[in-house]
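Let's take a walk through this protein together, one part at a time. Have the sequence and the 3D view open as you read.

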Amino acid sequence: MARRVRVEEGENGAAADGGEVEAPRLRANPTLTTEAQEPFMGVKVRRRSSMYRQFQGDYINVAGNQHILKLLTKQGDRQVLFADNVIKVNRRSKVRKRVLLITDVALYSLDADWFTLKRRISLSAIEKVLLSELNDNFFALSVSTEYDCLFASTHKTEIVTILQEATRKLDTPLEVCFSNRFEYYMDSENIREVIFEEVPGMD
């Protein structure tokens with residue numbers, strides 16, 4: 001079966017002086033996934049290539065990127081749990097490359113070329129993660145105090161797992177919801193519906 005994702009509109013329509021900075025600590029002891037985790041959380045279908053995949057945490061060498069280190073130092077974050085390039089679907093249904101960072105206190109969306117800050121979301125403000133039951137790479141974050149966001153990543157399982165662990169330490173348990181049709185707020189007023197479908201005969 002081929003997978004198709006449809007996005008529809010809802011009814012509502014270094015240091016400051018340029019010197020080196022201390023690298024925030026990276027996640028230690030990468031975890032090896034096991035066959036018992038297939039499918040993800042007993043619900044979501046996973047690709048065969050995701051079996052036994054090792055969780056690395058940092059896929060872009062944050063410790064060697066002075067732009068990112070300067071940003072994190074300015075914000076006061078001390079521990080990087082995850083870092084990788086992802087795809088973000090914007091309010092015009094266009095895809096944009098972003099760097100997704102998860103620290104011990106916040107989630108960051110950065111410009112993939114210049115590493116400028118596009119958005120910072122406190123982990124305590126992320127209420128739930130929305131995923132389909134199919135083997136796609138999409139996930140949406142429902143944010144309590146702001147608009148939501150839709151991403152795609154080949155490391156979505158790792159992202160969700162890390163978010164669950166990090167929010168649990170903050171006493172703000174993260175809800176993970178699976179559905180092949182869900183809605184999210186593309187801005188403060190307008191809702192967008194995402195529909196996941198299996199399309200026969202398109203392998």
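This is a predicted model: local features need pLDDT of at least 70, side-chain atom pairs count only at pLDDT 80 or more; totals for chains, interfaces and linings use all residues.

## Ground rules

Residues are numbered from 1 along each chain as its sequence is written, and side-chain values use heavy atoms, with hydrogens and water left out.

## The overall plan

The protein has two helices and twelve strands. Here helices (H or I, at least four residues) and strands (E, at least two) are DSSP runs, numbered from the N terminus. Read from the N terminus, the order is β-β-α-β-β-β-β-β-β-β-α-β-β-β. Of the 203 residues in the protein, 46% are buried.

## Helix 2 and its surroundings

Helix 2 covers residues 156-169, which makes 14 residues. From first C-alpha to last it reaches 20 Å, close to the 20 Å expected at 1.5 Å a residue; the expected span is 1.5 Å times one less than the number of residues.

Why is helix 2 described as largely enclosed by the rest of the structure? Because eleven of its 14 residues are buried. Among them are K156, I159, V160, I162 and L163. The cover over these buried residues includes strand 3, strand 4, strand 5 (106-111), strand 7 (126-131), strand 8 (138-143) and strand 10 (175-178). Covering is about contact, meaning heavy atoms within 4.5 Å. Just after helix 2 comes D171, with a positive phi of about 60°.

## The largest pocket

On a 1 Å grid over the protein atoms alone, a cavity is a set of points where a 1.4 Å probe fits but cannot get out, while a pocket is an open set with protein on both sides within 12 Å along at least five of seven lines; lining residues have an atom within 4 Å of a point. Grid points are joined across faces, edges and corners, and the volume is the space filled by probe spheres set on the points.

The largest pocket holds about 260 Å³ of space. It is lined by 17 residues, and the closest to its centre are K88, N90, R91, R98 and Y147. Strand 3 (79-89), strand 4 (95-103), strand 6 (117-122) and strand 9 (149-152) each give two or more residues to the lining. Which classes make up this lining? There are six nonpolar, two polar and nine charged residues. For the classes, Ala, Val, Leu, Ile, Met, Phe, Trp, Tyr, Cys and Pro count as nonpolar, Asp, Glu, Lys and Arg as charged, and the others, Gly among them, as polar.

Rings of Phe, Tyr and Trp (its six-membered ring) pair if their centres lie within 6.5 Å; planes under 30 degrees apart count as stacked, over 60 as edge-to-face and the rest as tilted. By this rule there are four aromatic pairs. One of them joins F182 and F196, a tilted pair at 5.6 Å centre to centre with 40° between the planes. F182 sits in strand 11 (residues 181-185) and F196 in strand 12 (residues 191-199), 14 residues apart.

Together with F138, they form one aromatic cluster. Strand 11 also contains E183, which touches L130, I191, R192 and E193, leaving out residues up to four places away in sequence.

## Loops worth a look

Most residues other than glycine have a negative phi. S93 has a positive phi of about 65° although it is not a glycine. It lies in the loop between strand 3 and strand 4 and is partly exposed at 37%. Beyond its neighbours within four places in sequence, K94 is in contact with K88 and V89.Finally, N190 is in the loop between strand 11 and strand 12 and is partly exposed at 21%. N190 and R91 are 99 residues apart in sequence, with 9.4 Å between their C-alpha atoms.

Note on methods. Buried means under 20% relative accessible area, exposed over 50%, partly exposed in between (1.4 Å probe, protein chains only).
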